[in-house]
Every structure is written in C-alpha cells, then in structure tokens.
Amino acid sequence: MYTVSRVVKNLTANPASILTRAMSVLPKRNTEELKTLKTLSVSNPKPYVFHVQLNRPDKYNAFTKQMWLEVKECFENLHINPDCRAIVLSGAGKHFTAGIDLTSMMMLGQELGEVEDVSRKGYVMEPLIKLYQDSVSALEVCQKPVIAAVHSACIGAGVDFITAADIRYSTKDAWFQVKEVDIGMAADVGSLQRFPKVIGSQSLARELCFTGRKFLSDEAVKCGLVSRVFENQEELLQGALELAELIASKSPIAVQATKNNMVYSLDHTNQEGLDNIRNVNKLYLQSEDFLTAVAAQLTKGEKPNFSKL
Ligand SMILES: CCC/C=C/C=C/C(=O)SCCNC(=O)CCNC(=O)[C@H](O)C(C)(C)COP(=O)(O)OP(=O)(O)OC[C@H]1O[C@@H](n2cnc3c(N)ncnc32)[C@H](O)[C@@H]1OP(=O)(O)O
C-alpha cells in the first residue's frame, strides 16, 4: 500500500530508478530511426550537430505527402533528441526545393473529384492542410536552432519552410519565389504569417506574395530573408555547419531558452516576453550550465563542456 512516507522514502532512496521510470513515459529519442526516412537524409557530422537534407534530388526535392510527414517526424525527434543541439537544413541536387509536388497535387485533385459534396471535400482537405502546416511549424517548435542553407531555387513551400527556420544562409545563385499565387492558391503553410515578420516590410512581403515575383540572393540579403551569402554550395554547407558547431558548443539550456523566448516574443507584447523569460530564468539561472559558463568567463579558462539535456 502506498503511503506518503513510503513514497517520499522511495523518492529519496532511489532517484535514478525514478528518473528512469519518468523517462520511460517520454516519446522515443532514437537517432537510428532518422536513418530510415526515405525523403530525407539525416546525418550527425559534428558533435551535437545534425544535418537534415531534403533528398528527392531527381524531383528537385518537391514536397510529397511522405516528405511532409517525414519532415514533421524528423524535427519532432530532433526536438527531444539529447544528441542534437543545432540543425542544418539543406537540399540535395540541383535545387533546394521546387515547392510542393505538383503531380501529387493533381492526383489529390482527381481523388477529390470523386467526392461530390463540397463540405465532404473540405472534410478531406482540412486535416491534410493541418498536417502540412504542422510539418513546417515543426522547425519552429523544435527547440534546437535550425539553419537553412539554400542553393539555387527555393520555391513556394520552400519559402514557407525556410521562414520557419531560425537562420537562413544561401549561395550567390539562390533565388526565391512565393509562388502559390501562380498555382491559384493563397499560401497556407506559413509564408503569409512568417515571411512578413522575417523581412520586416509588409509592403515588400505583399508585393512578393501577390505577384509571385522571383527574387535573387542580393535582394534576399537586402530585405533580411538571408543573413549571409556564399560563393557556392560547398562553402555554404561549410559555413552553415561551422555556425551550427559554434551554437552547439554553448549551453543547451541557454540556447534553447533563447530560441523559445525569441519565438514566443514574435507574437507577444514586450511585457509578455519579459514575463515569459523571467519565469523560465528563475529556474534556469539555477542550472549547472550557468555556474560553469560564468566560471569559464571569469577565469578565461578552457571552453566549458555542458552535459546532455
Ligand atoms: C496544402 C498545400 C500546401 C502547400 C502549398 C505549396 C505550394 C507551392 O509550393 S507553389 C510552387 C509549386 N512549384 C512550382 O510551381 C515549381 C515548378 N517548377 C519549376 O518552376 C521548374 O521546374 C524549376 C525552376 C524548379 C526547375 O526548372 P528546370 O528548367 O531546371 O527544370 P524543368 O525542366 O522545369 O523540370 C524538370 C522536371 O522536374 C519536374 N518538376 C519541377 N518542379 C516540380 C514540382 N514542383 N512538382 C513536380 N515535378 C516538378 C518537371 O515537371 C520536370 O519533370 P520531367 O518533365 O518529368 O522531367
């Protein structure tokens, strides 16, 4: 029989087994699972750094339903994966991505054609759009900073994706297009919400979203979509991985709390943002990371190593 004193005794007597039991109810954090994904190639090139590559190069990394599902699965895994502290997101082959897979869209249109009633068609579409939205949002929900490394074309859904990332680097030859309007739809997986905030100009954002005008890396840097441009893809990946490595060398507590609060502060008042970080830091300022990092700064000693979360 459980009594309060017995539970307390157990808690103090065997903290390790309590932790093990508590962890067992959490979802899996298995890096191996990421290797089974079909449309993404996931690697761990440096300690605590993951590289996620869109991997349908023969289809210019166009987004199929499987790819939307796997992006969501991948970033949900990395969100709680203790071996991951920073992520680079790139595209394999000629282009970063050609956006949504238009062939799948046509097939979906045909399938919907078989359903007669308009509200029943809507019933099919709603969870699908929600899945695609959640897939993009998984980059933002993921606590680990995501660096998008864009080369060549980044079209439609590609812009939705990179604006949910934390940092965007590109090659000189990169170009961007909020192209949804050209396929007869309003963008619905994030560009209309995140892109104007990222570039900080409603006027330019609306111009680009209403017209689907293609714009190049120099304009992308000027408007703040991209923060750094590289000569070619090799230098881009090296630069993105170096940045990820630097981020991964910092306290994971500090970096992840910073991301959480910056995302939160995007659509909250300054006071709400301050309230949020005050509540977080009243706990996190008691962390071993804080003491270790402060001591390292004071002594100008070796770079600190932070334990896994
Ligand atoms: C609920 C929905 C939420 C999400 C919505 C998202 C919407 C969007 O993403 S809108 C944007 C959709 N994408 C496009 O309109 C891009 C279309 N493609 C192109 O403009 C060009 O192909 C591209 C600039 C990417 C490359 O041009 P390039 O001259 O190098 O190659 P192509 O000869 O045009 O294409 C080669 C083959 O690839 C196929 N392909 C290209 N893009 C797509 C795509 N998005 N989906 C499916 N297939 C694509 C193209 O048809 C060629 O195929 P094949 O003729 O069989 O060789």
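User: Which residues of helix 4 are buried?
Analyst: The buried ones are M67, W68, E70, V71, K72, C74, F75, N77 and L78. Buried means that 20 or more other C-beta atoms lie within 10 Å of the residue's own; 12 or fewer is exposed, anything in between is partly exposed, and the C-beta atoms are placed from the backbone. Helices (H or I, at least four residues) and strands (E, at least two) are DSSP runs, numbered from the N terminus.

User: What kind of model is this, and how are residues numbered?
Analyst: It is a predicted model, in which local features need pLDDT of at least 70 and side-chain atom pairs count only at pLDDT 80 or more, while totals for chains, interfaces and linings use all residues. Residues are numbered from 1 along each chain as its sequence is written.

User: Back to helix 4. What do its buried residues pack against?
Analyst: They pack against helix 3 (31–34), strand 1 (40–46), strand 2 (49–54), strand 3 (86–91) and helix 6 (118–141). Packing goes by contacts: two residues are in contact if their C-beta atoms, placed from the backbone, lie within 7 Å.

User: How many residues are in helix 4, and what does it span?
Analyst: Helix 4 covers residues 65–80, which is 16 residues, and reaches 24 Å from first C-alpha to last, close to the 22 Å expected. The expected span is 1.5 Å times one less than the number of residues.

User: And helix 6, how many residues and what span?
Analyst: Helix 6 has 24 residues and reaches 33 Å between its end C-alpha atoms, close to the expected 34 Å.

User: Where is the kink in helix 6 centred?
Analyst: The kink is centred on S135 and is about 25°. The bend at a residue is the angle between axes fitted to the seven residues ending there and the seven starting there. S135 is also among the buried residues of helix 6, with Y132, V136, A138 and L139.

User: What do the buried residues of helix 6 pack against?
Analyst: Helix 4, strand 4 and helix 7 (157–163).

User: Strand 4, then. How many of its residues are buried?
Analyst: Strand 4 is residues 146–150, and five of its five residues are buried. V146, A148 and V150 point one way, while I147 and A149 point the other way.

User: In which sense does strand 4 pair with strand 3?
Analyst: Parallel, over three bridges. Two strands pair if DSSP finds at least two bridges between them. I147 of strand 4 has V88 opposite. Strand 4 also runs parallel to strand 6 (residues 167–171), with four bridges joining the two. There, A148 has R168 as its bridge partner.

User: What is the strand order in the three-stranded open sheet?
Analyst: The order is 5-7-8, with mixed pairing. Strand 5 (153–155) and strand 8 (215–216) are at the edges with a single partner strand each, so one side of each has no neighbour in the sheet. Strand 5 runs parallel to strand 7 (residues 175–177) over three bridges, and C154 stands opposite F176 in strand 7.

User: Which loop holds S152, and what is its phi?
Analyst: S152 is in the loop between strand 4 and strand 5. Its phi is near 50°, a positive value in a residue other than glycine. Most residues other than glycine have a negative phi. S152 counts as partly exposed because it has 19 C-beta neighbours inside 10 Å.

User: What about Y60, buried or exposed?
Analyst: Y60 has 21 C-beta neighbours inside 10 Å, so it counts as buried. Y60 lies in the loop between strand 2 and helix 4, and its phi is also positive, near 50°.

User: New topic. Where are the domains?
Analyst: Domain 1 is 31–248 and domain 2 is 252–299; such bounds come from an automatic or database domain assignment. Their centres, taken over C-alpha atoms, are 27 Å apart.

User: How many residues are in contact across the two domains?
Analyst: Eight residues of domain 1 are in contact with seven of domain 2. The domain 1 side has two nonpolar, one polar and five charged residues. Ala, Val, Leu, Ile, Met, Phe, Trp, Tyr, Cys and Pro count as nonpolar, Asp, Glu, Lys and Arg as charged, and the others, Gly among them, as polar.

User: Last one: how many helices and strands in the chain?
Analyst: The chain has 14 helices and nine strands. Of its 309 residues, 35% are buried.
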